[in-house]
Amino acid sequence: MPDNAALQRLSEGLRPIEAVRLSLLGPAARLAFRSREAGIGPAGEAFGVALPREANRFGQSGSRFAFWLGPDEWLLLAPGEDAAPLAAAIEAATLGVPHALVDVSSRSVGIEIAGREAAFALNQGCPLDLSLAAFPIGMCTRTLLGKAEIVLVRLGPELFHLDVWRSFAPYVIGYLDEARREFA
Amino acid sequence: MLIINCPWCGARPEIEFRYGGEAHIARPADPSALSDQEWADFLYNRTNPKGRHAERWRHIHGCGRYFNAVRDTVSDFFVATYKAGEPRPDIAGETK
Ligand SMILES: [Zn+2]
């Protein structure tokens, strides 16, 4: 399993390619939250970001994100924060309401893909339509990149973040680096 | 690539989905009251139609949800998709 230092070395070894810039995102608190109706509002309030009810959309407040992954499933992301107090606050707010809250902070790593050919590079391994009409800013979804499952997020016309399970990260970084070679 | 309409996510590529067998097969309420043949029918025997087939799919690399679809087994055309728990849509007609 590649640790943060190994992934950092890998990403620092990449050539700079302006059309598709790849970079590793820093450590973050990640919480997987699942609940039916009663727990959704209180959890969002405790986290500070209302959990989006629209499919495949994310909510944001400051640096915190709440990604819709399924009708009763969200990924809560807080870059640079400690997961324990966040989890404690959500547990307190959802006391007595059936739900699942799991700290998955170390399970995955974040990668940023930026530049005018970012969507093109992602599309070498991801079958989704990444045009702005079909995949607008504010959209997030689980999908595939090559053989790896990822959570793909669009933050800008030419700015994506993806979250991938740690053991797949070197594969995904290598895949995207290969996909952007023609722009070197 | 075949496009499948997830009832939650909309049109998505086939590769994000997994097949889940025939839909609307309820587990018998009291299995011990069944004969071996009836139990075997529940477990193994399916309608296997040539034409429109109600079946389960899972958007495993998306929202993760199971849902149902009516698909034509001859043309592989998805006639309809609908959420789990909803009745099979009344779709007339044979293979097209
Ligand atoms: Zn879906």
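In this predicted model, a salt bridge joins the side chains of Arg15(A) and Asp177(A), with 3.9 Å from N to O. The two partners come from distant parts of the chain, 162 residues apart. Arg15(A) sits in the loop between helix H1 (4-12) and strand E1 (21-24) of chain A. Asp177(A) belongs to helix H5 (residues 169-179) of chain A. Arg15(A) counts as partly exposed because its relative accessibility is 40%. Asp177(A) has a relative accessibility of 17%, so this residue counts as buried.

A second salt bridge in chain A pairs Arg21(A) with Glu18(A). Here the closest N and O atoms are 2.9 Å apart. Arg21(A) is partly exposed, with a relative accessible area of 37%. Glu18(A), at 60%, is exposed. Over all chains, the structure holds 16 salt bridges. Side chains of opposite charge can pair when their charged atoms come close.

Asp72(A) also takes part in such pairing. Its salt bridge with Arg34(A) has the closest N and O atoms 2.9 Å apart. Asp72(A) lies in the loop between E4 and E5 of chain A, and Arg34(A) lies in strand E2 (residues 28-35) of chain A, so the pair ties together parts that are 38 residues apart in sequence. Arg34(A) is partly exposed, with a relative accessible area of 35%. Salt bridges with shared partners join Arg34(A), Asp72(A), Glu73(A), Arg142(A) and Arg65(B).

Two salt bridges are found across the interface of chain A and chain B. In total, 17 residues of chain A are in contact with 13 residues of chain B. The size of an interface is often given as the accessible area lost when the parts come together. Between chain A and chain B, the buried area is about 1,100 Å². Carbon and sulfur atoms give 56% of this area.

Strand E4 (residues 64-70) of chain A is mostly covered, with six of its seven residues buried. E4(A) pairs with strand E3 (residues 58-61) of chain A in the antiparallel sense, over four bridges. Gln60(A) has Phe65(A) in E4(A) as its bridge partner. The two strands form a hairpin with two residues between them. In the turn, Gly62(A) has a positive phi of about 60 degrees.

E4(A) also pairs with strand E5 (residues 73-79) of chain A. This pairing is antiparallel and runs over five bridges. Phe67(A) stands opposite Leu75(A) in E5(A).

Chain B supplies the donors of a zinc ion. Cys6(B) (SG), Cys9(B) (SG), His59(B) (ND1) and Cys63(B) (SG) coordinate the zinc ion at 2.0 to 2.4 Å. The angles among the four donor atoms are 105 to 116 degrees, and the site is tetrahedral. In sequence, the donor residues follow the spacing C-x2-C-x49-H-x3-C. Cys6(B) lies in strand E1 (residues 3-6) of chain B, while Cys63(B) lies in the loop between strand E4 (52-58) and strand E5 (66-72) of chain B, so the pair ties together parts that are 57 residues apart in sequence. Both Cys6(B) and Cys63(B) are buried.

Note on methods. Residues numbered from 1 in each chain as written. Chains lettered and ligands numbered in written order. Predicted model: local features only at pLDDT ≥ 70, side-chain atom pairs only at ≥ 80, totals over all residues. Heavy atoms only, no water. Donors = N, O, S within 2.8 Å, 3.2 Å for Na, K, Ca; no water. Tetrahedral: all angles 85-135°; square planar, octahedral: opposite > 155°, others 65-115°. Buried < 20%, exposed > 50% of the residue type's maximum accessible area, 1.4 Å probe, protein only. Pairing = 2+ DSSP bridges. Contact = heavy atoms within 4.5 Å. Buried area = accessible area lost by both parts, 1.4 Å probe. Salt bridge = Lys/Arg side-chain N within 4 Å of Asp/Glu carboxyl O.
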